Amino acid sequence: PSPSAGLRQGPGMAETEAGGDGQGLASCEEGSKIAAVIGATVPTGFELTAAAEVQEKLGSASRISRDRGKIYFEVPAGTLPQVHRLRSVDNLFVVVQEFKDYQFKASKEDALKDLEDLVKKLPWTSPLKVWELNNSLKKKKSRRKKPSIQPAASREKLQGEGEEEGSDPKGTNREEDSAENSASVEPASDQDTEETKAAESQNREEEQEEDPQQPDTKDELQEGSGSEAKAGEGQPSEAGSKVLKFRVTCNRAGDKHSFTSNEAARDFGGAVQEHFQWKADMTDFDVEVLLNIHNNEVVVGIALTEESLHRRNITHFGPTTLRSTLAYGMLRLCDPQPTDIIVDPMCGTGAIPIEGATEWPSCYHIAGDNNPQAVKRAANNICSLLKKQEIKESSTAPGIPLDIIQWDICNLPLRTGCVDIIVSDMPFGKRIGSKKKNWDLYPACLMEMGRICVPGTGRAVLLTQDKKCFAKALSRMGHIWHKGQTVWVNVGGLHAAVYLLRRTWERAEERRSFW
């Protein structure tokens, strides 16, 4: 049965596991003592960076999935607030069960029947307690913020850029629509179409997204926006008067499956509905059950985030806005130290310097762009961040160590050898500039970056999809820059690279006075 058909009001959650004790979900205090296996989607290529952050901030070792763009780690459920504060993760889910070598039947009917039967065998109780604890934390957070949200929004509108402010919620709606397809639209090809649609919708407002050939890492970004305010309403009270609403999202990758992700979501969702007597709702749901299938690896989980955490800093989007999680990974790659001067000479909407100033406040950050509209968006994003800090701290924000300037990347108003780190998302030559212009722009950029960077100790982390042009430019600047590490990432469905460059001791050409 399809989860969108034959809906009926049931007795709530009388049992949460086959053969369970019939006690329903336990209290939040009891739930906080549970050890939870958390799955996190991260920018593809930065799995090791995310694992290092988890070890540093939570003290937990992470396992990197064979399914690129995901890591798994175990923590006490009581540490969920700290988990949500991780800077390198896009989305979070609690793992119900993982199968590392699941054997799918050859025929579609048998394979789907096995997935239906799997629902009754899964250990749902503990993950649902973790979900309940996570939901209670979200409700506390929303209650705490509620009185101040409206005035802040009104003040933001005074900054102008009204259409930019509206782009974030629109992106969320598009994500919801693409996720809804996972249970109601027939895919057009073997590599499931809902992942591709998710990539296209994200591509309109954000440059940073995973490759459609890695669909599994993207569909996690499809959590709906309707459950935070009312997930508690759908939960049964002690009398079991309310019935939860749910949705199943299937992310499938691999060419040896006899079924599509839509078919898997439909049949698995029907079994979930029958098992729990929940009510299916593709858009206004309380619980999102995740079915991740990567070749023979199957992971069943429950989503803990409704909206990707990479949206945390940006309210004014541009045509190529960088995801904050990818910006964090790039910054961490260059290992900032206290008192370092960090420059993003092509900052766009300011995702990199804002993330840097937030996470490395002991450094000084300078951002600039030649486009006045981009500078305006970045300034508005900084203002929005300061207002969030004021709301959070209920006092005047102390400010952040960041300045934004309009300038020419090839003629920067900075002294020679005064910058420790350069981190930037270079124009790909698609939405901004052109591939032809990059052949002149890239060498000029590398030369000017080499001039302002400290010889011997300076470093640069640069993202580009125009790899051929960059490699040629770098070969011409070999006396100034040495290439270190390269991280391969997916950017809006494009294969891109993040290059870590180290400044040589060679003295760069002096430039004329700017003043």
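In which loop is Asn295 found? Asn295 lies in the loop between strand S7 (287-294) and strand S8 (297-303), where helices (H or I, at least four residues) and strands (E, at least two) are DSSP runs numbered from the N terminus. The model is a predicted one, in which local features need pLDDT of at least 70 and side-chain atom pairs count only at pLDDT 80 or more, while totals for chains, interfaces and linings use all residues. Residues are numbered from 1 along each chain as its sequence is written, and side-chain values use heavy atoms, with hydrogens and water left out.

Most residues other than glycine have a negative phi. Asn295, although not a glycine, has a positive phi of about 55°. Asn295 is partly exposed, with a relative accessible area of 39%; buried means under 20% relative accessible area, exposed over 50%, and partly exposed in between (1.4 Å probe, protein chains only). Asp335 also has a positive phi, near 50°. Asp335 is placed in the loop between helix H11 (324-333) and S9, and is partly exposed at 48% relative accessibility.

Strand S1 (residues 35-41) contains Ile38, which is buried with a relative accessible area of 0%. Beyond its neighbours within four places in sequence, Ile38 is in contact (heavy atoms within 4.5 Å) with residues including Ile71, Phe73, Leu92, Val94 and Leu304. Between Ile38 and Ala77 the C-alpha to C-alpha distance is 9.3 Å, although the two are 39 residues apart in sequence.

Helix H14 (residues 435-452) has 18 residues and spans 25 Å from first C-alpha to last, close to the 26 Å expected at 1.5 Å a residue; the expected span is 1.5 Å times one less than the number of residues. At Leu441, H14 bends by about 30°, and Pro443 follows within four residues. The bend is the angle between axes fitted to the seven residues ending at a residue and the seven starting there. Among the buried residues of H14 are Asn438, Tyr442, Leu446 and Ile452. The elements covering the buried residues of H14 include strand S12 (421-425), helix H15 (467-476) and strand S15 (494-503).

Seven nonpolar, one polar and one charged residues line the second largest cavity, where Ala, Val, Leu, Ile, Met, Phe, Trp, Tyr, Cys and Pro count as nonpolar, Asp, Glu, Lys and Arg as charged, and the others, Gly among them, as polar.
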